[in-house]
Amino acid sequence: HFGVNLFPRIRMSGIKGLQGVVRKTVNDELQANIWDPQHMDKIVPSLLFNLQHVEEAESRSPSPLQATEKEKESPTELAERCLRELLGRAAYGNIKNAIKPVLIHLDNHSLWEPKIFATCCFRIIMYSIQPQHSHLVIQQLLGHLDANSKSAATVRAGIVEVLSEAAVIAASGSVGPTVLEVFNTLLRQLRLSIDYALTGSYDCAVGVSTKIIKEHEERMFQEAVIKTIGSFASTLPTYQQSEVMVFIMNKVPLPSSQQSIEAGKAGENRNRLTQIMLLKSLLQVSVGFQCSNMLTALPSAFLDRLLSAALMEDAEIRLFVLEILISFIDRHGNRQKFSTISTISDISVLKLKVDKCSRQDTVFMKKHGQQLYRHIYLICKEESNVQAHYEALYSMLMLISVELANEEVMVDLIRLVLAVQEMAQINEDNLTAYNRCALFALGAAYLNLISQLTTVPTFCQHIHEVIQMRQKEAPYLLPEDVFVERPRLSKSLDHLAPEVFFWQSKISEVLGGSGYNSDRLSTPYIPQLTDEDRLSKRKSIGETISLQVEVESRNSPEREQRAPAEEITYETLKKAIVDSVAVEEQERERRRQVVEKFQKAPFEEIAAHCGARATLLQSKLNQIFEITIRPPPSPSGTITAAYGQPQNHSIPVYEMKFPDLCVY
């Protein structure tokens, strides 16, 4: 009562009384247990009330060490010291009882929305409790966030931002034994917020809730959750960060996965927003992720799902995937040096940090290199690409060259860029003039830098000559004219002079003379397309199947002996797709029935089924043993030995004597 009095001196006396009670009873087993909820529910709110009533509370440091003498005598400072002392003495089992009154006080007085006082309180709490108890506070906040899942977005955002602050302070290496549960809670809140924004209601039925949901507030809450996910992840060790990224990626709904994809217009919007928010969260985690071993950073299952998202038609999703891959590959801080696409004449001005390609990087590129090249090539074909996509593609190509490239990788990247140039030149995909000019400019910028990295004079000379010719005859094929606010383009791209192209034969010749694999360099790059395009709902499904048919017939050793190939028509392709899908469905249904039978059938039925199969197997084995041990007699009635000597009785196999060297 005295602790919340309006007169400062009386409040001071009340706080000193509380301080004395805490010191007297906190560790005295003979006294009343001060940690009981009925005591904490009175002590903690009184101290918080005195903390709350202070001028310019947001600018005051939570540490009392630098306070003046006058401030030390104020009720606020005394209440803070008392609260710190109380929390510092809290044991593991008492943390919950000490934190719960804080959460209730902040709820009752609507102190989450400005968040200044709430943040100040939890800074005091996190710095006062014992470090090994930090994760208990985090769990209390997460539980409170779940309890307020239908509160206003500003309240939820305040709780989440306090969580973010607390996570940074609790950066001792772990946030408790249930790390994935923390991220599961945050991702669940993210999905709930998306549903709220789409339906306009906190209930399942649209329009049932009486509360008005503001979409911009929900968007602010979503950004706060994403920021908090990044803050949490930055406190974890590398192996746990990797687990968190796999966990988030498995939550992204993709057409090629078992994740549920909702149908209808509302379902499409929900899927798209969920994909974008989860990829944003993944990007936040990957930015702070540092791992020298790419095989550890990008496990096969994780990389497959991530690259599957790169083939989606949504341009924003593709850009997020590229940014995530770039953050993984960039281990020396070179990303910003490739943020602008240009044809600089001296690469030394970039001051790149380049290390020799490690053995782990070589193994990673042997395993996943072709997969990365294929997705880069397919992303280049997208008509919805804008300048940000080409900048991300340029950064990714350069970072692979700097971080992961040996001679073989360098050759493959050059072949890939020349294939992209051919794509823009032939234009089978009916790309716009901007897309074609952007691809030409992308190739010029990359080959300009890569030629300086290889330090082969004749290679540099060829690239420099082509760039000079473009500057004179076709400046719209260079990044300086394309990647600007108002691109200067040309519509007559089908009749370009041969001098403005980079020629594969010339590059193969000059690099082959310097020890590079000229045979591989002279081979045009052709992407190895797979069923992933069909699963990702790409537009070129007909091209995919026809290419697979061609590759299969070309690689088969029995190609010449086969009958003439059947003419491929639209109906043939349609039948092939339908049949393959039907076979997959039948196999999946058969497996489901087997699993369901063993899960739900009575034990006697399963035992009878297995017994019948075992009896059949035993009878077959008996027949085999009988034939082996008692071979039938010869027509003459005797068995002829190896040297023609007659033998009246056969010797069973198990009785035969073999030399020691023949026995295993």
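Questions and answers on this predicted model follow.

Colleague: How many helices and strands does the protein chain have?
Modeller: The model is predicted, so read each value as computed from it. The chain holds 664 residues, and 45% of them are buried. Its secondary structure comes to 27 helices and two strands.

Colleague: What share of the contacts with a separation of 6 or more comes from residues 24 or more positions apart?
Modeller: Take the contacts in the protein chain with a separation of 6 or more. Count those between residues 24 or more positions apart. Their share is 73%.

Colleague: Which residues touch the most other members of the largest nonpolar core?
Modeller: The largest nonpolar core here has 177 residues. Helix α19 gives the largest share, 13 residues. The members touching the most others are W112, F122 and F183.

Colleague: Which residues is F183 in contact with, leaving aside neighbours within four places in sequence?
Modeller: F183 belongs to the largest nonpolar core. Set aside its neighbours within four places in sequence. The contacts that remain are I229, F232, A233, L236, V244 and F247.

Colleague: Are α7 and α9 roughly parallel or antiparallel?
Modeller: Helix α7 covers residues 134-147, and its axis lies 11 Å from that of α9. The packing angle is about 25°. Angles under 35 degrees count as roughly parallel. The two helices are therefore roughly parallel.

Colleague: How do the residues of the contact of α7 with α9 divide by class?
Modeller: The crossing of these two helices is left-handed. From α7 come L142, L145 and D146, which meet V182, T185, L186, R188 and Q189 in α9. The division is four nonpolar, two polar and two charged.

Colleague: Is L198 exposed, partly exposed or buried?
Modeller: L198 sits in helix α9, residues 179-199. Its relative accessible area is 34%. Buried requires under 20% and exposed over 50%. L198 is therefore partly exposed.

Colleague: Are α16 and α17 roughly parallel or antiparallel?
Modeller: Helix α16 spans residues 359-380 and helix α17 spans 387-403. Their axes come within 12 Å and cross at roughly 165°. Angles over 145 degrees count as roughly antiparallel. The pair is therefore roughly antiparallel.

Colleague: How do the residues of the contact of α16 with α17 divide by class?
Modeller: The crossing is left-handed. On the α16 side are D361, M365, L372, I376, I379 and C380; they meet L393, M396, L397, I400 and E403 in α17. The tally is nine nonpolar, no polar and two charged.

Colleague: What is the handedness of the crossing of α18 and α19?
Modeller: Helix α18, residues 407-426, packs on α19 at an angle of about 155°, with the axes 9 Å apart. The two are therefore roughly antiparallel. As for handedness, α18 passes α19 in a crossing that is left-handed.

Colleague: What classes of residue make up the contact of α18 with α19?
Modeller: The α18 side includes M410, L413 and I414. The α19 side includes R436, L439 and F440. By class, the contact has 13 nonpolar, four polar and one charged.

Colleague: What phi does K351 have?
Modeller: K351 lies in the loop between α15 and α16. At 66% relative accessibility, K351 counts as exposed. K351 is not a glycine, yet its phi is positive, at about 50°.

Colleague: Where is T455, the residue with phi near 55°?
Modeller: T455 has a positive phi and is a residue other than glycine. Its relative accessible area is 59%, so T455 is exposed. Its place is the loop between α19 (433-454) and α20 (457-473).

Colleague: How far apart in space are S492 and A433, C-alpha to C-alpha?
Modeller: S492 lies in the loop between α21 and α22. S492 is partly exposed, with a relative accessible area of 45%. In sequence, S492 and A433 are 59 residues apart. In space, C-alpha to C-alpha, the separation is 8.7 Å.

Key. Residues are numbered from 1 along each chain as its sequence is written. This is a predicted model: local features need pLDDT of at least 70, side-chain atom pairs count only at pLDDT 80 or more; totals for chains, interfaces and linings use all residues. Side-chain values use heavy atoms; hydrogens and water are left out. Helices (H or I, at least four residues) and strands (E, at least two) are DSSP runs, numbered from the N terminus. Buried means under 20% relative accessible area, exposed over 50%, partly exposed in between (1.4 Å probe, protein chains only). Axes are lines fitted to C-alpha atoms, for helices over the stretch in contact, and angles run from 0 to 180 degrees between N-to-C directions. Angles under 35 degrees count as roughly parallel, over 145 as roughly antiparallel, 65 to 115 as roughly perpendicular and the rest as oblique. A crossing is left-handed if the near helix is turned anticlockwise from the far one by less than a right angle, and right-handed if clockwise. Contact means heavy atoms within 4.5 Å. Ala, Val, Leu, Ile, Met, Phe, Trp, Tyr, Cys and Pro count as nonpolar, Asp, Glu, Lys and Arg as charged, and the others, Gly among them, as polar. A nonpolar core is a set of buried Ala, Val, Leu, Ile, Met, Phe, Trp, Tyr and Cys residues joined through side-chain atoms within 4.5 Å.
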